[in-house]
Amino acid sequence: EVLLRMHSVGICGSDVHYWQHGRIGDFVVKDPMVLGHEASGTVIKVGSGVTHLQPGDRVAIEPGVPREIDEFCKLGRYNLSPTIFFCATPPDDGNLCRYYKHSASFCYKLPDNVTFEEGALIEPLSVGIHACRRAGVTLGSKVFVSGAGPIGLVNVLVAKMMGAAVVVVTDLSASRLQKAKEIGADFTIQVKNETPQEVASKVESLLGCMPEITVECTGVQACIQAGIYATRSGGTLVLVGLGPEMVTVPIVNAAVREVDIKGIFRYCNTWPMAIALLASKRINVKPLVTHRFPLEKALEAFETTKRGEGIKVMLKCDPTDHNP
């Protein structure tokens, strides 16, 4: 293990959800819990068995650490291990604090040209990498991203990076769609009160064809329905956003057109790739950070996120260093 002096921690929608509702699905908050899982910091102490890190190293933290080498770990899909430790998922504490201890194997050294905030943003970026990998985004793909929150936006970045020729994004918010445009979306559609079929046909008319891949990042029933209708026959719909447990979807439409529906659970094996992309400046996540607060103003930061202001709110945990 390593002891870290925490620097930057991003606030995620799940953090806000636990704060407001005390549960997400089967994960129920029963005792006080430290939030935070999008994080970076500086190593200040290392355990006797740690060889790849030393005090002074700046690191990004992968928040999910398997507790045992089970079948999922052997397959390389350790994110599916049922006993995994995960920051800020009950009953496991997160890292929104001044000092935090973590498994050294899941702390990744940051190159000098990658900032602490970029290091913290590897966590949401990893959701995009994992989703686009599962979707099979490749050279020339035409991709529909539903939702322009932080996760929708990282999927735009990653899809373009993986070679998508065209990316179209839908959202209710004009300002979020503007941000999607700034980071590389080719087309945006502001949804008002269209039916799912109408949204699907708008996507098709903008692209000139139906997209092979849809990445659904809202979890809203109508958006999942639109995702099925929009995806080309033989294509793939990846469900990233989480909403109610039960949703009504046109499953027969998907079945008879051989639209593959895939889920994702967090990510695995993404940090090295993300660090390489950030270090080489092939991907720019800096525009996602819109607000910064010191740790003492965490409540204000959470209220800001809850109101849906900006994109990514970042908390600064080191009182001596509030730099990005």
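## Charged and polar pairs between the domains

In this predicted model, the interface of domain 1 and domain 2 is crossed by zero salt bridges under the rule applied, whereas two residue pairs in polar contact are found across that interface, both at pLDDT 80 or more. On the side of domain 1 that touches domain 2, the residues comprise four nonpolar, four polar and two charged ones.

## Extent of the interface

The domain assignment gives domain 1 as 2-109 + 285-316 and domain 2 as 128-263, with 10 residues from domain 1 and nine residues from domain 2 taking part in the contact. The centres of the two domains, taken over C-alpha atoms, are separated by 27 Å.

Between them, domain 1 and domain 2 bury about 730 Å², and 68% of this area is on carbon and sulfur atoms. Of the area that domain 1 buries against domain 2, Pro 287, Leu 288 and Ile 311 supply 60%, more than any other three residues.

## The annotated span

According to the UniProt record, an unreviewed entry, residues 13-315 carry the feature "domain: Enoyl reductase (ER)". The C-alpha atoms at the ends of residues 13-315 lie 14 Å apart, and the span is 33% helix and 21% strand.

Most residues other than glycine have a negative phi, and most peptide bonds are trans. Against that background, which two residues does a cis peptide bond join? The cis bond joins Pro 90 and Pro 91, with omega at about 5°, and Pro 91 is found in the loop between β7 (85-86) and β8 (99-102).

Ala 88 also lies in the loop between β7 and β8, and its phi is near 60°, a positive value in a residue other than glycine.

## Salt bridges in the whole structure

One of the pairs is formed by Glu 296 and Arg 98, whose closest N and O atoms are 2.8 Å apart. This pair links distant parts of the chain, 198 residues apart, with Glu 296 in the loop between β16 (289-294) and α10 (298-306) and Arg 98 in the loop between β7 and β8.

Definitions and conventions
Residues are numbered from 1 along each chain as its sequence is written. This is a predicted model: local features need pLDDT of at least 70, side-chain atom pairs count only at pLDDT 80 or more; totals for chains, interfaces and linings use all residues. Side-chain values use heavy atoms; hydrogens and water are left out. UniProt positions are given in the numbering used here, feature names are shortened, and annotations may be inferred rather than shown by experiment. Helices (H or I, at least four residues) and strands (E, at least two) are DSSP runs, numbered from the N terminus. Domain bounds come from an automatic or database domain assignment. Contact means heavy atoms within 4.5 Å. Buried area is the accessible area (1.4 Å probe) that two parts lose on being put together, summed over both. A salt bridge is a side-chain nitrogen of Lys or Arg within 4 Å of a carboxyl oxygen of Asp or Glu. A polar contact is a pair of N or O atoms within 3.5 Å; within protein, one must be able to donate a hydrogen and the other to accept it, and residues adjacent in sequence count only if both atoms are side-chain atoms. Ala, Val, Leu, Ile, Met, Phe, Trp, Tyr, Cys and Pro count as nonpolar, Asp, Glu, Lys and Arg as charged, and the others, Gly among them, as polar.
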